[in-house]
Amino acid sequence: MSKSRWQQIEAIEALERGEGTKGREIVRVVPTEDGDDPSQVSNMSGGPHKLLLQDSRGARAYGIELRNVAGMSLSMSIGSKISLKNVVVARGVILLEPATTSLLGGKIDTLHKNWKENRKADLRAAIETGEQDSRQAARN
């Protein structure tokens, strides 16, 4: 929720070029000796983050971070496990707070790989669709 689609595309392109930001500085991001992927650099965003949550039975609900939850960032993987205890649900949205939410980690490799490979194209398509919708609305 904290970055526009275009800002997300720019961030993806910067990572593809091996660049990152540290405050206002642009820094060159290189793989570590461990072979870590430079695109996995922690993307510390002030949030709030909006998450699509799904339980083991397949029921889905949105969650929104009211206060920063440790480990929750834009670099989370698809399939990350989150433990929720005594959460408040308001108008069908789960309100996430540090006292009721803990990030366990994890990832579903196939979903994450597909999402990562198609993210840039999906964002561009969403931008173009939005522009087409606004042009048609102006014509009517």
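**Entry 1. Terms and model**

I take buried to mean under 20% relative accessible area, exposed to mean over 50%, and partly exposed to mean in between. The model I consulted is a predicted one. I first looked up the confidence of the chain: its mean pLDDT is 78, and 73% of its residues reach 70 or more. I noted that the pLDDT falls below 50 over residues 38–43, a stretch that has 16 contacts in the model beyond near neighbours in sequence.

**Entry 2. Overall arrangement**

I found two helices and eight strands in the chain. Read from the N terminus, I recorded the order of elements as α-β-β-β-β-β-β-β-β-α. Of the 140 residues in the chain, buried residues make up 19%. I also looked up the sequence range of the contacts: among those between residues at least 6 apart in sequence, 58% join residues at least 24 apart.

**Entry 3. Helix α1**

I turned to helix α1, which covers residues 5–16 and has 12 residues. From its first C-alpha to its last, α1 reaches 17 Å, close to the 16 Å expected at 1.5 Å a residue. Just after α1, I noted that G18 takes a positive phi of about 85°.

**Entry 4. The open sheet**

In what order do the four strands of the open sheet lie? I recorded the order as β3-β4-β7-β6, with mixed pairing. The edge strands are β3 (50–54) and β6 (88–90), and each of them pairs on one side only. From one strand to the next, the twist averages 35°.

I then followed the pairing of β3 with β4 (residues 60–65): the two strands run antiparallel and are joined by five bridges. I looked up two of the residue pairs. The bridge partner of L53 in β4 is A61, and that of Q54 is R60. The hairpin of β3 and β4 has five residues between the strands, and in this hairpin G58 takes a positive phi near 100°.

Which side chains of β3 are buried? I found that the side chains alternate along the strand.

For M76, leaving aside its neighbours within four places in sequence, I listed contacts with L51, G71, I82 and L103.

**Entry 5. Two loop residues**

Where does D55 lie? I placed D55 in the loop between β3 and β4. D55 counts as partly exposed because its relative accessibility is 34%, which lies between the 20% and 50% limits. I also looked up its separation from K81: D55 and K81 are 26 residues apart in sequence and 9.7 Å apart in space, C-alpha to C-alpha.

Is T100 buried or exposed? T100 counts as buried because its relative accessibility is 15%, and the limit for buried is under 20%. I noted its place in the loop between β7 and β8 (101–105). Leaving aside neighbours within four places in sequence, T100 is in contact with S83, L84, K85, N86, V87 and L95.

Terms used
Residues are numbered from 1 along each chain as its sequence is written. This is a predicted model: local features need pLDDT of at least 70, side-chain atom pairs count only at pLDDT 80 or more; totals for chains, interfaces and linings use all residues. Side-chain values use heavy atoms; hydrogens and water are left out. Two strands pair if DSSP finds at least two bridges between them. Axes are lines fitted to C-alpha atoms, for helices over the stretch in contact, and angles run from 0 to 180 degrees between N-to-C directions. The expected span of a helix is 1.5 Å times one less than its number of residues. Contact means heavy atoms within 4.5 Å. Buried means under 20% relative accessible area, exposed over 50%, partly exposed in between (1.4 Å probe, protein chains only). pLDDT is the predictor's confidence in each residue, from 0 to 100.
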